[in-house]
Amino acid sequence: TRGGRFAVGRTLASAAGGAVLLMVVAALAVLEAERGAPGSNIETFGQALWWAGVTVTTVGYGDAYPVTPEGRIVAFGLMLVGISLLGIITASVAAWFVARTRQGEDELMVEIRALRQEVSDLRAAQEQNRSA
């Protein structure tokens, strides 16, 4: 239904917006913790944003990673919340596909019932013709 599609779209938009906001906040937090730390490989906002993107999507290339305790705490939080948000997005897309499939199945059932009724009517007419 239209309302269901709207709800799924709103959920998707909210979760995607939340994921982007989470990535930016985590990137800023990890940059604050990592910039200038010995052995750090996250020194610019671009690097921090890249790290947040690959972390929240669970890709984790390993080219950027936090070395400070504070940075690792931020990473842990980003992983937990990021996986949850991406799960919401995935579930919303799956729900949309299921709803579309159900709608098609409902239409198919209406057609099947109509065909059964038509066959039944034809059989009844045929029986009347035989007995006449």
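Colleague: What is the relative accessible area of Trp50?
Modeller: Buried means under 20% relative accessible area, exposed over 50%, and partly exposed in between (1.4 Å probe, protein chains only). Trp50 is partly exposed, so its value falls in between. For Trp50 the relative accessible area is 42%.

Colleague: What pLDDT do local features need here?
Modeller: Residues are numbered from 1 along each chain as its sequence is written, and side-chain values use heavy atoms, with hydrogens and water left out. This is a predicted model: totals for chains, interfaces and linings use all residues, side-chain atom pairs count only at pLDDT 80 or more, and local features need pLDDT of at least 70.

Colleague: How many aromatic pairs are there?
Modeller: Rings of Phe, Tyr and Trp (its six-membered ring) pair if their centres lie within 6.5 Å. Planes under 30 degrees apart count as stacked, over 60 as edge-to-face and the rest as tilted. The number of aromatic pairs in the structure is two.

Colleague: Which residue forms an aromatic pair with Trp50?
Modeller: The two rings sit 5.7 Å centre to centre, with 5° between the planes, so the pair is stacked. It links distant parts of the chain, eleven residues apart: helix H2 and the loop between H2 and helix H3 (69-131). Helices are DSSP runs (H or I, at least four residues; strands are E, at least two), numbered from the N terminus.

Colleague: What is the angle between the planes of Trp96 and Phe97?
Modeller: This pair is 4.9 Å centre to centre. Trp96 is partly exposed at 29%, and Phe97 is partly exposed at 48%. The pair counts as edge-to-face, with an angle between the planes of 65°.

Colleague: How far apart are the end C-alpha atoms of H2?
Modeller: H2 has twelve residues. The expected span is 1.5 Å times one less than the number of residues, so H2 should span 16 Å. The model agrees, with the ends apart by 16 Å.

Colleague: Which backbone oxygen does the side chain of Thr55 reach?
Modeller: Thr55 lies in H2 (residues 45-56) and is buried because its relative accessible area is 11%. Contact means heavy atoms within 4.5 Å; beyond four places in sequence, Thr55 touches Ala75, Leu78 and Met79. A polar contact is a pair of N or O atoms within 3.5 Å; within protein, one must be able to donate a hydrogen and the other to accept it, and residues adjacent in sequence count only if both atoms are side-chain atoms. At 2.7 Å, the side chain of Thr55 reaches the backbone oxygen of Trp51.

Colleague: What is the phi of Thr58?
Modeller: Most residues other than glycine have a negative phi. Thr58 is found in the loop between H2 and H3 and is exposed at 53%. Its phi is positive, near 65°.

Colleague: Which residue's backbone nitrogen lies 2.9 Å from a polar atom of the side chain of Asn41?
Modeller: Asn41 lies in the loop between H1 and H2. Beyond four places in sequence, it touches Gln47, Asp63, Ala64 and Tyr65. The backbone nitrogen at 2.9 Å belongs to Tyr65.
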